[in-house]
Amino acid sequence: MSQYYTSGEFAKKAHVSIRTIRYYDQKNLLKPATHTKGGARLYTDQDFAKLQQILLLKYLGFSLGDIREMTIGSGDKQLLRSSLQIQKRLAEERLEEMKNVVNAIDSTSQALDRNDQVDWSKMLNLIHLTSMNQSLSMQYKNATNISARIRLHRDYSVNKEGWFPWLFSNLHLKSGMKVLELGAGNGALWSQNIDKVPAGVNIILSDVSEGMLADAKNEIGDKPEFQYAVIDAQKIPFVDNTFDLVIANHMLFYCDDISKALGEIRRVLKPGASLVCSTYSKRHMREITDLVQSFNSNIVLSSTNLYERFGLDNGKQILSKFFSDVTCKKYHDAIEISEATPIISYILSCHGNQNEILLNHYQEFKQYVEQKVSGGFSITKDAGFFTARK
């Protein structure tokens, strides 16, 4: 049986003011578990977990608007566990940043004490600290989204080989090759196949997000074969004819100018070298869209249909303008699941308007999904990759 706390008792145990608790209620950040007949707020022990997330994320510099979306469903243990792991990593990185700032202050103070020439460039660390909040916010969202997607595919897919081992087996890497991956994300393609990477391969992992590259380094470890670089695929900073292989795993459809990116990829590939680029079709994960729209027809999981920009149905036509010998290979798989939480986590990770709509209807939506999947739920997967030769 749950123990209930009044606003005053809850605030006292959490060492925050009653005004703070009431404010978070007004902002839809921390709603009470229930109310008395007289309308007084009542909270439970579970609400302390959500309050902890709110206060930590606020300390890390997130806006209340960001926090409100990040903590949807935090009452579910699986979602809370994943969120806490990501929060821990962000806190560790924030601690490292603060150590760097302390070192910059000490160094400058010592120089002033000795009347030495001050290296004011070191004080830029203080400026960088003030601009770190935005990158932390994006890093948290990216890490949360990718974690939710990987978990659903990893734990409930019918094909037990797994996407990344399958894709890796089709790269046919050999010693001496120079490889560039664009949009490498958290490096899962390599961390899941690290023992299969041939010695003597030179692999550059790139992404537009420094935070994602930090995750990749953390997952892969200190390996001499790997280098990391922040790169925009539409402006690749390498000379012509540099690479034996370029990989673009589910990323070309994110480019503002796909033609420009393909032109750059072709330029940096050696003659006869290949681009391997994966994508999916309009049939991929269609049941997820049908599920949320049957709950609320106003929910749109993505403002852009990425498969229309570059998908299995139009990819060959797009690539053929830049490359010869374009072939396609599909990954045969599906998802079979009877649990609601992984599906909900996946839905919340999408880039549409679902979080805004579901914010005040989470429990209702959770019960709806539980009912729909209780007898088993099948999800179509229709993904694969193109190989395009220069």
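Reply: Start with a strand pair. Strand β9 (residues 324-337) and β10 run antiparallel and are joined by 12 bridges. The model is a predicted one.

Me: What makes β9 and β10 a pair?

Reply: The cut-off is at least two bridges between the strands. β9 and β10 have 12 bridges, so they count as paired.

Me: Which sense does the pairing of β8 and β10 have, and over how many bridges?

Reply: Antiparallel, over seven bridges. Within that pairing, Ser278 stands opposite Phe385 in β10.

Me: Why is strand β10 called mostly covered?

Reply: A residue is buried if its relative accessible area is under 20%. In β10 (residues 377-389), 10 of the 13 residues are buried. For the whole protein chain of 390 residues, 46% count as buried.

Me: What makes up the largest nonpolar core?

Reply: It has 58 residues. Those with the most contacts inside it are Trp190, Leu252, Ile265, Leu275 and Leu319. Strand β8 (residues 269-280) gives the most to this core, with six residues.

Me: Which residues does Leu319 touch?

Reply: Leaving out residues up to four places away in sequence, Leu319 touches Leu262, Leu275, Cys277, Phe310, Val326, Phe386 and Ala388. Contact here requires heavy atoms within 4.5 Å. There is also a second, separate core of 28 residues, which includes Ile343, Ile344, Tyr346 and Tyr362.

Me: Is Cys277 buried or exposed?

Reply: Buried, because its relative accessible area is 0% and the limit is under 20%. Cys255 has 6%, so Cys255 is buried too.

Me: Which residues of α17 are buried?

Reply: Tyr362, Phe365, Lys366, Tyr368, Val369 and Val373. They cover an arc of only 160° around the axis, so they sit on the same side of α17. On the other side, Gln367 and Gln371 are exposed. Exposed requires over 50% relative accessible area.

Me: What makes β1 and β2 edge strands?

Reply: Look at the strand order. An open sheet of three strands runs β1-β3-β2, with antiparallel pairing. β1 (5-6) and β2 (34-35) each have a single partner strand, so one side of each is left without a neighbour in the sheet.

Me: How many bridges join β1 to β3?

Reply: Two bridges, with β3 (residues 41-43) running antiparallel to β1. The cut-off is at least two, so the two strands count as paired. Tyr5 stands opposite Tyr43 in β3.

Me: What does the chain look like overall?

Reply: The protein chain has 17 helices and 10 strands. Among its contacts between residues at least 6 apart in sequence, 76% join residues at least 24 apart.

Key. Residues numbered from 1 in each chain as written. Predicted model: local features only at pLDDT ≥ 70, side-chain atom pairs only at ≥ 80, totals over all residues. Heavy atoms only, no water. Buried < 20%, exposed > 50% of the residue type's maximum accessible area, 1.4 Å probe, protein only. Helix = DSSP H or I, 4+ residues; strand = E, 2+ residues; numbered from the N terminus. Arc of directions from axis to C-beta. Core = buried A, V, L, I, M, F, W, Y, C linked by side-chain atoms within 4.5 Å.
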